[in-house]
Amino acid sequence: MPRFIVIGGGAIGLNTAYRLARMQSGQVTLLDKGLVGDGSSSRAGGIITGLLWSETGVLARMISLRLYQELSADLERYGYRFQNVGCLNLFDPASWTEREALLPLYDRLGFAYEVLDAAQMRRRWPDLTPEADLIGLHDALGGYSEPHEFVPALARRCRDLGVEIRENAGVNGLQIENGRVVGVQTAMGLLEADVVICTVHAWTAAFMERCGVRLPVKSFVHQRYVSSELQERVSIPAINANPYGGYIRPARLGTTDFRILAGGETEDREEERVDGPAFHMSVLSAPRSLRSHLSKNLAPLVPKLAATHWETEQVGLISFSLDSEPVLGKLPQLPGLVVGAAFHSGGFAYSPVAGLLLAELAAGKSPSVDISSFSPGRFTAEETDAYLATTVVQADAFRRRH
Ligand SMILES: Cc1cc2nc3c(=O)[nH]c(=O)nc-3n(C[C@H](O)[C@H](O)[C@H](O)COP(=O)(O)OP(=O)(O)OC[C@H]3O[C@@H](n4cnc5c(N)ncnc54)[C@H](O)[C@@H]3O)c2cc1C
């Protein structure tokens, strides 16, 4: 029976382990250097839309949206449900031109969307007051997942499906014999595997560099906030609100506890260099001023926000590759290894389909989507070295929301 080792217990690693277990392809062990959900996954906003900018991205997200519905049914008894409130992507007239050019792609792929003007948006969501010149691109299948529900529910389901999850079990390196990955080195010794799947997110570049492979991936600090309790549920979808400098959605702490979640970036902050396994996201912090900045920016869009204050803050990392598309696939120079990383600010949204694709590749099956444009081998050594030698500030990285 083949043995699979998944490194990393975030949304991507857990979905991979879940899919491998569901495929009954072999024995699955998931290792995390800390606790499951210790990285960005428990800190995410959990927003998902299928309306991306590349054909591969849209096709992949169509699968993710379907899988989120299925996961919702499978994980209900574990306390998770996908919040199908739709996702509204907002544009000002200048940024709409670029997005409008993608509508024929959505039509060709059969992805349903609606283009709404401000009056239509105000009528549909009474708690939403967008500026008169804004355009809304609505994805009725989108919505959000609460990370504090999704991550533990999926971990429990994985265990029940027979996945061995080992926490506080960091991987120090890959075991390579005759040019092939045959296992991982840990503090407990060598663990052998037929295929290793690396899903260590912000740690990927440093981890792979130690194995002799350079990947052009950079990480940036990102933060999101949950408000104090509201008197009643806020009637808004999940919103990628670029004209307001962030994103905002309803939030749930329980079945009757309604709040608002919002987040955004810090434009002038430099990339965060994660140089080894000792790094933990708990060391990250966000400038205090961002709280009032977000409230001031987003309250004109969602006036109910003005009556709240931010109660909790989560700070983590988002990762971008050189061309801002994910890095997902086999590494030509290291057979026996599959990598999934650099999901920009959309790793939570990608996670069900990324898990499926990684599991398919690991099990030797054809991937459900042609992912050649996500191939880890698509970058030249020269462009990789040049990219890694520069220091990028957030404002100069791609703004690719969810
Ligand atoms: C504030 C914030 C808001 C976000 N909002 C959204 C959103 O609304 N929608 C969306 O789609 N995405 C969002 N994202 C992005 C999303 O959180 C990430 O893309 C996604 O969680 C990445 O999942 P992952 O499993 O790859 O990484 P992680 O969850 O970071 O998991 C990686 C795991 O690898 C482990 N690890 C690292 N090195 C080793 C090692 N050597 N050995 C063993 N284990 C190791 C770590 O401990 C960690 O648990 C947001 C991110 C942030 C920070």
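Analyst: The discussion below treats the annotation, the sheets, the helix packing and the ligand shell in turn. This is a predicted model, in which local features need pLDDT of at least 70 and side-chain atom pairs count only at pLDDT 80 or more, while totals for chains, interfaces and linings use all residues. Residues are numbered from 1 along each chain as its sequence is written.

User: Which residues does UniProt assign to the feature "domain: FAD dependent oxidoreductase"?

Analyst: UniProt positions are given in the numbering used here, feature names are shortened, and annotations may be inferred rather than shown by experiment. The unreviewed UniProt entry places this feature at residues 4-361. Over residues 4-361, the chain is 28% helix and 28% strand, with the end C-alpha atoms 12 Å apart. Here helices (H or I, at least four residues) and strands (E, at least two) are DSSP runs, numbered from the N terminus.

User: In what order do the strands of the 8-stranded open sheet lie?

Analyst: Strands of a sheet pair through backbone hydrogen bonds, either parallel or antiparallel. Two strands count as paired if DSSP finds at least two bridges between them. In this sheet the order is β5-β6-β4-β14-β15-β16-β13-β17, and the pairing is mixed. At the edges stand β5 (114-116) and β17, each pairing on one side only. On average, neighbouring strands of this sheet are turned by 25° against each other, direction ignored. Within the sheet, β4 (residues 87-91) and β14 (residues 238-241) pair in the parallel sense over 3 bridges, and Asn 89 stands opposite Asn 240 in β14.

User: Which strands does helix α8 touch?

Analyst: Two residues are in contact if their C-beta atoms, placed from the backbone, lie within 7 Å. Axes are lines fitted to C-alpha atoms, for helices over the stretch in contact, and angles run from 0 to 180 degrees between N-to-C directions. Helix α8 (residues 289-298) packs on the sheet and touches β13, β14, β15 (246-252), β16 (258-264) and β17, its direction making about 90° with that of β15.

User: What is the strand order in the open sheet of 6 strands?

Analyst: The order is β8-β2-β1-β12-β19-β18, again with mixed pairing. Its edge strands are β8 (164-166) and β18 (327-330). Neighbouring strands are turned by 15° against each other on average, direction ignored. Strand β18 pairs with β19 (residues 337-341) in the antiparallel sense over 4 bridges; the bridge partner of Lys 330 in β19 is Val 338. Helix α1 lies across β1 (3-7), β2 (27-31), β12 (195-198) and β19, running at about 170° to β2.

User: How do the axes of α2 and α9 cross?

Analyst: The axes of α2 (residues 55-74) and α9 come within 8 Å and cross at roughly 95°. The helices are therefore roughly perpendicular, the class for angles of 65 to 115 degrees.

User: Which residues come nearest to the ligand?

Analyst: A residue is near a molecule if its C-beta atom, placed from the backbone, lies within 6 Å of it. Of the 44 residues around the ligand, Gly 10, Gly 39, Gly 45, Gly 316 and Gly 347 come nearest. Strand β17 gives the most to this shell, with 4 residues. The shell divides into 17 nonpolar, 22 polar and 5 charged residues. In this scheme Ala, Val, Leu, Ile, Met, Phe, Trp, Tyr, Cys and Pro count as nonpolar, Asp, Glu, Lys and Arg as charged, and the others, Gly among them, as polar.

Technical notes: Angles under 35 degrees count as roughly parallel, over 145 as roughly antiparallel, 65 to 115 as roughly perpendicular and the rest as oblique.
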